[in-house]
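The entries below follow the order in which I looked things up.

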Amino acid sequence: MSTITAQTTQVYQVFIKASPEEIWEAITTPEFTHKYFFGSHVTVTPERFTGLDGEGNDLVLGGVSEYEPPHRLVHEWRSLYDPEAASEAASRVSWEIEDKDGFCLVTVTHDRLEDSPKTAENVAGGWTFVLSGLKTLLETGKPLTG
Amino acid sequence: MDDDQVFKALADPTRRHLLDRLFERDGRTLTELESELEMTRFGVMKHLRVLEDAGLVVPRREGREKLHFLNPVPIRLIHDRWIDKYTEHRVAALADLKHELEESA
């Protein structure tokens with residue numbers, strides 16, 4: 001991906017056989033997120049999105065602007081896990097969880113990346129891995145290996 | 001978004017070309033995509049529809065425009081399900097062979 005300028009709006013989507021409540025829990029509680037979100041322990045309150053590593057160091061931080069369990073979550077994203085990206089402007093991540101006949105369609109939109117090129121580059125492969133890991137975890141109970 | 005639809009969507013050079021165009025620059029309109037292909041607007045629409053049904057392209061409205069975004073997650077899932085599985089065995093078989101040859105040497 002290095003030869004291509006990373007996109008300033010990125011959209012990722014996956015169908016998951018689980019209820020909206022299960023998906024909401026899996027994206028907002030550290031017991032779940034550390035199994036598929038690059039080991040990060042994520043806590044979400046109506047005010048803040050906090051991702052920490054196993055030792056409590058900040059990985060991702062941001063204010064929450066929309067908090068509507070179990071269907072919609074919008075928060076800022078500051079990439080503190082990467083020293084070069086940490087100083088960049090905050091970007092925005094929106095999660096949408098829609099019911100579709102026994103499945104849920106989960107859409108992650110990462111935008112407002114115009115002033116955050118490093119972040120744009122390093123989340124480009126990352127979200128694909130996170131969403132496929134989330135699907136595997138919820139459908140099989142096992143974290144994705146490899 | 002089942003595997004059949006993803007394989008079917010990928011089994012066409014025009015559709016793979018559309019995905020490559022979106023990989024280079026994401027969030028494009030039908031008009032922009034059409035201008036790079038020797039094909040009618042209707043033809044491009046039909047191909048985009050197949051890609052959307054497979055979940056490989058996600059349309060989003062922005063103002064008056066409909067933008068098309070590449071969604072790589074289904075390709076990742078195909079990779080996890082169909083590629084990892086077989087390549088892992090190949091690698092393991094080679095590792096075993098190396099081990100056996102070195103043992104007997």
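Predicted model: local features only at pLDDT ≥ 70, side-chain atom pairs only at ≥ 80, totals over all residues.

**Entry 1: a residue in chain A.** I looked up L134(A) with that cut-off. Leaving aside neighbours within four places in sequence, I found L134(A) in contact with I16(A), A26(A) and Y36(A).

**Entry 2: the core.** Next I asked which residues have the most contacts inside the largest nonpolar core. That core has 42 residues. The residues with the most contacts inside it are I16(A), I23(A), V106(A), L131(A), L134(A) and V57(B). Helix α4 of chain A, residues 117–140, gives the most to this core, with eight residues.

**Entry 3: chain A as a whole.** I counted four helices and seven strands in chain A. From the N terminus on, I read the elements of chain A as β-α-α-β-β-β-β-α-β-β-α. I then checked the radius of gyration. The C-alpha atoms of chain A fill a box of roughly 40 × 35 × 35 Å along the principal axes. Buried residues make up 36% of the 146 residues in chain A. I also looked at contacts in chain A with a separation of 6 or more, and 47% of them are between residues 24 or more positions apart.

Entry 4: Is G51(A) buried or exposed? I count 25 other C-beta atoms within 10 Å of G51(A), so it is buried; the cut-off for that is 20 or more. G51(A) lies in strand β3 of chain A, residues 48–52. Not counting residues up to four places away in sequence, G51(A) touches S40(A), H41(A), V42(A), L59(A) and V60(A). I also took a distance to F103(A), 52 residues from G51(A) along the chain. The C-alpha atoms of G51(A) and F103(A) are separated by 27 Å.

**Entry 5: chain B as a whole.** I counted five helices and two strands in chain B. Along the sequence, chain B follows the pattern α-α-α-α-β-β-α. What is the radius of gyration of chain B? I find 20 Å, but a compact globule of 105 residues would be near 13 Å. The C-alpha atoms of chain B fill a box of roughly 70 × 25 × 25 Å along the principal axes. I note that buried residues make up 23% of the 105 residues in chain B. Among contacts in chain B between residues at least 6 apart in sequence, 53% join residues at least 24 apart.

**Entry 6: two helices of chain B.** I picked α2(B), residues 13–24, and α4(B), residues 41–53. Their axes come within 10 Å and cross at roughly 75°. That makes α2(B) roughly perpendicular to α4(B). From α2(B), T14(B), R15(B) and L18(B) meet H47(B), L48(B), V50(B) and L51(B) of α4(B). I sorted the residues of this contact into four nonpolar, two polar and one charged.

**Entry 7: where the chains touch.** How many residues of chain B are in contact with chain A? I count 15 residues of chain B in contact with 15 residues of chain A. On the chain B side, β1 (57–62) and α5 (73–104) are the elements that give two or more residues. α5(B) gives the most, with five residues. By class, I find six nonpolar, three polar and six charged residues on this side of chain B.

Technical notes:
Residues numbered from 1 in each chain as written. Chains lettered and ligands numbered in written order. Core = buried A, V, L, I, M, F, W, Y, C linked by C-beta atoms within 7 Å. Buried ≥ 20, exposed ≤ 12 C-beta atoms within 10 Å, placed from the backbone. Contact = placed C-beta atoms within 7 Å. Rg over C-alpha atoms; globule rule 2.2 N^0.38 Å. Axes fitted to C-alpha atoms, helices over the stretch in contact; angles between N-to-C directions. Parallel < 35°, antiparallel > 145°, perpendicular 65-115°, else oblique. Nonpolar A, V, L, I, M, F, W, Y, C, P; charged D, E, K, R; others polar.
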